[in-house]
Amino acid sequence: TGLFGDHLWSVRLGAVIFSALLAVAAFRMTAVLRDRATAWLVAAAIYVNPLVMAAGLLELTDIFYAALSLTALHEFLRAKENPRHYIYAGILCGLAINAKLLAAFWPPALGLALIAARPEDLRRREVWIGGGLCALAALPVLGWNAAHGWATFAIRFGYQVEPRPTFSHL
């Protein structure tokens, strides 16, 4: 709201943009794994999916998580051609953690994938730079939680932040 104000369109603009990014990421992944004709079908199916539309219009964090995670996975796959993409994957994973804590499982999962499929890449500095940048990119959500009594974790693990629901944790 500090950048575009608190108008309805400006608050929802990010989710709408990330809805489109999700379709683009799905296209790119499918084109790599299958072919361009199938990629067009997948992108169209995602973009007209009512759940994706709802997530974009309601400003749910799921749309940010999905778009960033899929884009991170795409960059991770592209790192086979160019190790620089490990760095991009790391940054995207860190940003996804800010959107949804579930994304914290991506870095260990990708690390296990490297151990299993490309152990020689663990000697590349780009892998470790990407991991470090992932941690740095995840700092905002950790900093906010530290300043607010770890509210997100308390809610996720079934504890109330306060005895009565209030907005004090915001």
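Trainee: Which residues are linked in a network of salt bridges?
Mentor: Arg118, Asp121 and Arg124. Keep in mind that this is a predicted model.

Trainee: How far apart are the closest N and O atoms of Asp121 and Arg124?
Mentor: They are 3.3 Å apart, and the two residues form a salt bridge.

Trainee: Is Asp121 buried or exposed?
Mentor: Buried. Its relative accessibility is 6%, and the cut-off for buried is under 20%. Arg124 is partly exposed, at 36%.

Trainee: How many salt bridges does the structure hold?
Mentor: Five. One of them joins Arg78 to Glu75, with the closest N and O atoms 3.6 Å apart.

Trainee: Where do Arg78 and Glu75 lie?
Mentor: Both are in helix α4. They sit three residues apart, about one turn of the helix.

Trainee: Why does that spacing matter for direction?
Mentor: An α-helix has 3.6 residues a turn, so residues three or four places apart point the same way.

Trainee: And how exposed are Arg78 and Glu75?
Mentor: Arg78 is partly exposed, with a relative accessible area of 25%. Glu75 counts as buried, at 7%.

Trainee: What about Arg34, which salt bridge does it form?
Mentor: One with Asp35, where the closest N and O atoms are 3.8 Å apart. Arg34 is exposed at 63%. Asp35 is partly exposed at 30%.

Trainee: Switching to rings. How many aromatic pairs are there?
Mentor: Three. Phe27 and Trp40 make a tilted one, 4.7 Å centre to centre with 55° between the planes.

Trainee: Which parts of the chain does that pair link?
Mentor: Distant ones. Phe27 is in helix α1 and Trp40 is in helix α2, 13 residues apart. Phe27 is buried, at 14% relative accessibility. Trp40 is exposed, at 55%.

Trainee: Why is the pair of Phe76 and Tyr86 edge-to-face?
Mentor: Their planes are at 65°, and over 60 counts as edge-to-face. The ring centres are 5.7 Å apart. Phe76 lies in α4 and Tyr86 in α5, so the pair ties together parts 10 residues apart in sequence. Both residues are buried.

Trainee: What lies over the face of Phe76?
Mentor: Arg118, at 5.4 Å from the ring centre. Arg118 also belongs to the salt-bridge network with Asp121 and Arg124.

Trainee: Back to α5. What covers its buried residues?
Mentor: The cover includes α4, α6, α7 and α8. Among the buried residues are His85, Tyr86, Leu92 and Cys93.

Trainee: What should α5 span?
Mentor: Its 16 residues should span 22 Å at 1.5 Å a residue. The end C-alpha atoms are 24 Å apart, which agrees.

Notes
Residues are numbered from 1 along each chain as its sequence is written. This is a predicted model: local features need pLDDT of at least 70, side-chain atom pairs count only at pLDDT 80 or more; totals for chains, interfaces and linings use all residues. Side-chain values use heavy atoms; hydrogens and water are left out. Rings of Phe, Tyr and Trp (its six-membered ring) pair if their centres lie within 6.5 Å; planes under 30 degrees apart count as stacked, over 60 as edge-to-face and the rest as tilted. Helices (H or I, at least four residues) and strands (E, at least two) are DSSP runs, numbered from the N terminus. Buried means under 20% relative accessible area, exposed over 50%, partly exposed in between (1.4 Å probe, protein chains only). A charge sits over a ring if NZ of Lys or CZ of Arg is within 6 Å of the ring centre and within 35 degrees of the ring normal. The expected span of a helix is 1.5 Å times one less than its number of residues. Contact means heavy atoms within 4.5 Å. A salt bridge is a side-chain nitrogen of Lys or Arg within 4 Å of a carboxyl oxygen of Asp or Glu.
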